[in-house]
Amino acid sequence: TEVKEAGFHVTGAISIAGSDAKSLAYAAWPPLTTIRQPVADMGRRAAERLMRSDDDKGMEEVFDFDLRIRQSTGKVSV
């Protein structure tokens, strides 16, 4: 709404994406592109690593994610 009121056209002048807002993705117009992360798994793994002092693998860890491309993103023409 704010973008529209500012005079911008979504996917024409601006693309918008959200994070973990599955229920809002379809309520928005146009439908919102979202990325869903395994937040519970990430938190669990962080707690496990904090409780173990023998973890010598480094701090970087990669988790899978789910990118749902919908109509709120596209080629922007300026």
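The model is predicted, so local features need pLDDT of at least 70 and side-chain atom pairs count only at pLDDT 80 or more, while totals for chains, interfaces and linings use all residues. Residues are numbered from 1 along each chain as its sequence is written, and side-chain values use heavy atoms, with hydrogens and water left out.

The protein contains 3 helices and 3 strands. Both are DSSP runs numbered from the N terminus: helices are H or I with at least four residues, strands are E with at least two. Read from the N terminus, the order of elements is α-β-α-β-α-β. The accessible surface is about 6,400 Å². Carbon and sulfur atoms hold 57% of that surface. These areas come from the Shrake-Rupley method with a 1.4 Å probe; for residues, only the protein chains shown count as cover. Of the 78 residues, 21% are buried. Buried means under 20% relative accessible area, exposed means over 50%, and partly exposed lies in between (1.4 Å probe, protein chains only). Among contacts with a separation of 6 or more, 56% link residues 24 or more positions apart. A contact requires heavy atoms within 4.5 Å.

The strands form an open sheet of 3 strands in the order 1-2-3, with mixed pairing. Strand 1 (17-19) and strand 3 (66-68) are the edge strands, and each pairs on one side only. From one strand to the next, the twist averages 20°. Axes are lines fitted to C-alpha atoms, for helices over the stretch in contact, and angles run from 0 to 180 degrees between N-to-C directions. Two strands count as paired if DSSP finds at least two bridges between them. Strand 1 runs parallel to strand 2 (residues 33-36), with 3 bridges. Ala17 has Thr33 as its bridge partner in strand 2, and Ser19 has Ile35. The pairing of strand 2 with strand 3 is antiparallel, also over 3 bridges. Here Ile35 stands opposite Leu67 of strand 3.

Thr33 belongs to strand 2. Its relative accessibility is 3%, so Thr33 counts as buried. The side chain of Thr33 has a polar atom 2.9 Å from the backbone nitrogen of Arg70. The side chains of Thr33 and Thr73 are joined by a polar contact of 2.8 Å. A polar contact is a pair of N or O atoms within 3.5 Å; within protein, one must be able to donate a hydrogen and the other to accept it, and residues adjacent in sequence count only if both atoms are side-chain atoms. Leaving aside residues up to four places away in sequence, Thr33 touches several residues, including Ile16, Gly18, Leu67 and Ser72.

Ser72 lies in the segment after strand 3. Ser72 is buried because its relative accessible area is 2%. A polar atom of the Ser72 side chain sits 2.7 Å from the backbone nitrogen of Thr33.

Asp20 occupies the loop between strand 1 and helix 2 (22-25). With a relative accessible area of 32%, Asp20 is partly exposed. Beyond residues up to four places away in sequence, Asp20 touches Ile35, Arg36, Gln37 and Val39. Asp20 and Pro38 are 18 residues apart in sequence, and their C-alpha atoms are 9.3 Å apart in space.
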